[in-house]
Amino acid sequence: VVFFNLYFKGAVPGAQVLNLFLMGVQMDFAGLFYLNLLFLLYYFFIHDRLPVRGRHTIALALFLLLNIPFLAINFIDLGYFGFTARRSTIDLLYVAGDSLSSLPSLLKNYWYIFIGFLLASVLLGWLAKKILRIDGMPAGKGWRPYILPIPVLVIMALMARGVNERPLMPSTALLYFDA
């Protein structure tokens with residue numbers, strides 16, 4: 001959103017852009033981890049125990065159903081930020097009804113965002129399909145199949161929480177940057 005709205009005046013001093021970007025990456029990682037936690041649990045602990053036929057379809061469908069709506073919200077933010085000078089929040093749901101009635105006008109004026117969303121969704125689906133077709137860990141009995149997933153999930157959870165004394169929250173950025 002920052003790079004898409006570089007024309008926006010008075011948003012961020014130049015010296016803070018890198019720090020803001022790094023904080024954004026950390027917040028995005030945390031969001032992606034929490035968003036995909038259900039998928040990760042399925043993929044690490046259930047996927048390899050299902051019959052081969054259909055398990056990749058389940059994994060792909062679960063991954064895309066979790067990620068595409070949030071990808072759409074991020075693309076909506078590209079246009080929304082220019083009007084409000086902030087990222088969308090739950091307030092977006094309050095204006096969704098009005099926005100639906102003006103959908104043809106929005107698509108006409110912001111067609112490039114819609115095309116970008118479609119391309120990103122297709123690319124996400126294609127990449128996920130390629131990656132999920134690669135078989136994961138060999139199915140085994142007992143505790144051995146859990147040796148890798150548990151530490152990976154713990155490390156990811158710690159990274160998502162953040163290394164600060166307080167866990168990451170939507171308001172965490174306000175502790176380090178001016179609103």
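Visitor: Leaving aside neighbours within four places in sequence, which residues is L40 in contact with?
Guide: The model is predicted. Once the neighbours of L40 within four places in sequence are set aside, its contacts are F33, L153 and M156.

Visitor: Is α2 roughly parallel or roughly antiparallel to α7?
Guide: The two axes come within 10 Å and cross at roughly 165 degrees. Angles over 145 degrees count as roughly antiparallel. Therefore α2 is, relative to α7, roughly antiparallel.

Visitor: Is the crossing of α2 and α7 left-handed or right-handed?
Guide: The axes of these helices cross at roughly 165 degrees. The hand of the crossing of α2 and α7 is right-handed.

Visitor: Which element gives the most residues to the largest nonpolar core?
Guide: This core has 17 residues, and F39, L40, Y43, A59 and L132 have the most contacts inside it. Two or more residues come from each of α1, α2, α3, α6 and α7. With six residues, the element that gives the most is α3.

Visitor: Is N109 buried, partly exposed or exposed?
Guide: N109 is found in helix α5, residues 103-109. Its relative accessible area is 46%. Buried means under 20% and exposed over 50%, so N109 is partly exposed.

Visitor: How far apart in space are N109 and G79, C-alpha to C-alpha?
Guide: In sequence, N109 and G79 are 30 residues apart. In space, C-alpha to C-alpha, N109 and G79 are apart by 9.8 Å.

Notes
Residues numbered from 1 in each chain as written. Predicted model: local features only at pLDDT ≥ 70, side-chain atom pairs only at ≥ 80, totals over all residues. Heavy atoms only, no water. Axes fitted to C-alpha atoms, helices over the stretch in contact; angles between N-to-C directions. Helix = DSSP H or I, 4+ residues; strand = E, 2+ residues; numbered from the N terminus. Parallel < 35°, antiparallel > 145°, perpendicular 65-115°, else oblique. Left-handed = near helix turned anticlockwise from the far one by under 90°. Core = buried A, V, L, I, M, F, W, Y, C linked by side-chain atoms within 4.5 Å. Buried < 20%, exposed > 50% of the residue type's maximum accessible area, 1.4 Å probe, protein only. Contact = heavy atoms within 4.5 Å.
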